[in-house]
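Here are my notes on the model below. Please read them with the structure open.

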Amino acid sequence: MDDYKIYLLTIDKFLLKNTVLLKPSYYFISDQITDNSIIFIDEFDTGKETVERSLINRALSSKNDYINLFLKIYNSFQNHIFTRELSILSNSIKNEKYRLSYLKKKSEEIFTTFKLEYNYKTIDSVIDSRQSFLFNDNSYHTMLRNNKDYIRATFNKKNEKVDIFFEDKNQYYENRQEDDIIIYSLVRNISSFLNKFKFMILILSKDYSDYINNIRKENQDKFTVENAMKTIYREFSFNKEEIKILMDEICTDFVLRENINTEIPDMTFYNHGFKYFEFEDSDEHLNETSFNYINFFNTPEKIILYISKKAKVIGISATGSINTATGNYDLDYLRHKLRDDFKSIPVEVYKKIEKELEDNWENYHNGKININTEIVNFNEQQFSVEQRLEKIFNDIRKSKLYSQKLSLLVGDSETGEYVLGRYCNIFKVINEFVIHDDIKSFLCLNMVLPKENKDNFDLNIFKEFMSDLIKLNNKQNENISIEVLESNNFEEDKKRILSKLEKGEKVFIMSSYKTVGAGQNLQYKFLNKKNFVQIGKNIAKNDSRIQKKDIDGLFLGDITNIAVNIYSEDGIEKSDLLKYFLQIEYLYENDEINYVELDNLIKLGFRKYIGSVEDNGYYRCLSNSKHIRRQVTRDVVQAIGRICRTYVKNKNIYIYTVEELIKKLDIRCLDGFILTPEVQAFINKVEEFGYIYTEQQKNTINRAERRSSKAKNYIMSMLSREWDKSSMELWKELREIVIKYPTANETIYNNYEIVNELYISCDKDINKYLYAQNGDFDNVIIDFDNDKDVFKSNRRCSNKVISEVSSKDARLSIVLKYPGLKEFFIKNGYATEFKQNKYILSPVLFNNIYKGAIGEITGKFILERELGIILKEIDDEEKFEFFDFMISQDIYVDFKHWKQNYRQDRNDYKKEITKKINKIGAKKVYIINIVEREEYSRYTQVDERIIEIPALLDTNGNIIRGSLDLLKGEVYNDKNK
């Protein structure tokens, strides 16, 4: 048998750098040590929280000033001469975008374009301690001072600085100038530059390491990649702490990037993470505003995905299949990315396990073991604290005494009523524990631990209360006690408690959900087996599960703050803010909230972080979400699991809980699970109580809106980058697919990644739908069911333009009336109608790609047929997608479907065309509309470079001869100049 190395370590250590004596330090997840290994992750789902905590700490440690970081690199390029060997190695890098010379040029372009030789300074009359924020998760979200929504930056020549203004919409459009500096563009450009820079460092470090090692003698130490990185970073004048941060980002970002080329890059939050920028003003830097940024570039899902592609990962957890993205890895995302490599237990194996367990649980079914469940505060809200206590003591004097004590402890705080209710609930279960002689061990779980003299959860009053109950029930001769089990002293506390139980003492254990979370064992040895019931069949005598017994009773207190509490009186820390952002991004990726809710939740988080009392009411979208409720449900199942560890049970098992917890559960997420009798009994009580939540009906709409935003981000990312042969081919492929499949069935959806990733879906077959947007497709509202009037009355559509995705809106039937065009479409496999299907173009694909492609195909076909004008494809990477076709050298054609509001946009549109002309040095551009919509007169700019042709076809698909004659004359004149 082969020998295997086995490593046992926590998730924390698995993520940290491992430092050893005999070789360079390394990360477990990226080192070859984990290549083709088998990685077992116990308590798989709850381990995600550990990963999140590690990533949050790493993100917080990397806080930096964005512009100053860039300027440090720029200044090094300008003032430092790199060693000859580094320059030679750099020039040999295959992709020139990762060479020193290229990055130097890019840094100069950014420096000049955005006037970075000047200070950037926000314009305000006083230093405002309330910072402004710019959040980016592939879309930009702003939370600016004084509730402004727009950022404007302009060069102040007189004062030699760049002024930053925070304005409302009217101010922004009134004040903006053509030469304004676009902050979003600044951030985008620097971000892209820094990514290339860090990747260059990685490539160059590997080459430099190889180069040095080749010239060193065998008896000399190896020159590691890590030391090569440090050496190169020092060339850019970074200090030791900055180098540590930058190296950490390289080693934990680039190693996690997908190494599989896909047609469509992963545009999800899981792959890109998020970053946010803080505009910070202070007297310490009065003349400039700091652009501090925190970059959360990795996610738990990204890490699991990475290690799953280099090793076999086996997740172990009884609750690991619960679909809660806030309390588990997003299994749908992992399943989608891993495809056939994502495995679950086969159905036949699952059924076999279920059968064996049901046989083991026979003594539950035949009545030898009874499970008693109770909601301790059911219908108790109508009673005062004194009345509730009187039911326990049956003594008015004692009830009044404890009511007064509790009032003195709690005082008149905002949470007073809740805290008083919690005291009463625990008093009730302490009483149950004392009066039931068959309960020897009891686990009482809450979110907080009791401590002596802690007003809202005082251990002393619980002990005093138990002492009075013991006297009241004449049990002074029994060894009955309250013990606290806490994390800080867990092993010692546990040892002491189990020792008492093994001696037969009666112990009420107070602990928290977090302390005895998944994986903690509290079973103990027993004195006399005849007092208990054994479960299981064909159990070996030495089986550890019959050597100890489980705890007899359990109290499940309310579970709070699963959704990050941003309303804490003490404020929220940056780590809590990052956790909050993670939670809302999880919900958005899972279609539980839409873009507007996401945007408002992000702003709300920033407001609470800076101490604002403003509230937009959106927090409930998080706190009441199904993923949070499912996480609560998971925690309950795991908590009940603490009393389900052995095969030796008390004849009566007691489970108590409260209404507040019952209301937060989503027990439907457990459908199809194998549940222990204890969990099933608890669920039966929940169902009896009546609080069962169904899936929110808006998920379909939210999913469609998120997909639409994703498609928009993808298209914008393609248009904003430099074109190369690969990206040009991908763009053409995208265009070809949308023309062929404006709607798609399951087969097409599964066969084409573009359809799979960028189309939206409905729960029924459709061939049209309504949407509303402001013009940038960032915040698109979608409706599959209502007519236009009903949709328009929707509050979400306020101040938005209502449009439709359909063949009618694309005027497909009109253009296909032109003789020969329909046959041309059929011959090339282009769709001649929108068929009823589950999948359909998103609004941005429909408007920016599909309608544009219809115009290009139709216009080219007509011009070649009617005028014999041969249009040439634009294959020059520097000129691609500026215009549709080229007629002759430096003369271009752009086909358009004019919007109905074109008259209002006309001047801005002409300015945009002029910029394009100047950019590529065009002599003339013909802007040709395909189908008439309004009467446009021929328009010629002063410099005669823009010629507008109103339309080629009327609304019946007939040629407009006047337009053709006009175009023919213009083209003829061009050729004869």
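1. Is tryptophan 723 buried or exposed? Tryptophan 723 has a relative accessibility of 10%, so it counts as buried. Here buried means under 20% relative accessible area and exposed over 50%, with partly exposed in between (1.4 Å probe, protein chains only). Phenylalanine 880 is also buried, at 5%.

2. Ground rules come next. This is a predicted model: local features need pLDDT of at least 70, side-chain atom pairs count only at pLDDT 80 or more, and totals for chains, interfaces and linings use all residues. Residues are numbered from 1 along each chain as its sequence is written, and side-chain values use heavy atoms, leaving out hydrogens and water.

3. Confidence. pLDDT is the predictor's confidence in each residue, from 0 to 100. The chain averages 87, and 92% of the residues score at least 70. Over residues 253-261 the pLDDT is below 50, yet this stretch has 21 contacts beyond near neighbours in sequence (contact: heavy atoms within 4.5 Å). Residues 691-697 are also below 50, with 16 such contacts. Where pLDDT is low, the predicted coordinates should not be read in detail.

4. Overall build. The chain has 977 residues, of which 54% count as buried. Its secondary structure comes to 35 helices and 30 strands. These are DSSP runs numbered from the N terminus: helices are H or I with at least four residues, strands E with at least two. The C-alpha trace spans about 115 × 75 × 70 Å along its principal axes. Among contacts with a separation of 6 or more, 73% join residues 24 or more positions apart.

5. Cores. A nonpolar core is a set of buried Ala, Val, Leu, Ile, Met, Phe, Trp, Tyr and Cys residues joined through side-chain atoms within 4.5 Å. The largest has 147 residues; Ile430, Phe508, Leu556, Tyr580 and Phe581 have the most contacts inside it. Helix α17 (residues 416-435) gives the largest share of this core, ten residues. Apart from it lies another core of 76 residues, including Trp723, Leu730, Leu816 and Phe880.

6. What does leucine 556 touch? Leaving aside residues up to four places away in sequence, its partners include Leu445, Tyr513, Val636, Ile655, Val658 and Phe682.

7. Aromatic pairs. Rings of Phe, Tyr and Trp (its six-membered ring) pair if their centres lie within 6.5 Å; planes under 30 degrees apart count as stacked, over 60 as edge-to-face and the rest as tilted. The count comes to 71 pairs. Tyrosine 74 and phenylalanine 111 have ring centres 3.9 Å apart and planes at 5°, so they are stacked. Tyrosine 74 lies in helix α3 (residues 66-79) and phenylalanine 111 in helix α5 (residues 100-113), so the pair ties together parts 37 residues apart in sequence. Both residues are buried.

8. Back to tryptophan 723. Its ring centre is 4.8 Å from that of phenylalanine 880, with the planes at 75°, so this pair is edge-to-face. Tryptophan 723 sits in the loop between α26 (699-720) and α27 (725-740). Phenylalanine 880 is in the loop between α33 (843-866) and β27 (885-888), 157 residues apart from its partner.

9. Charges over rings. The rule asks for NZ of Lys or CZ of Arg within 6 Å of the ring centre and within 35 degrees of the ring normal. Arginine 422 lies over the face of phenylalanine 457, at 4.6 Å from the ring centre. Lysine 506 has its charged end over the ring of phenylalanine 433, 4.6 Å from the centre.
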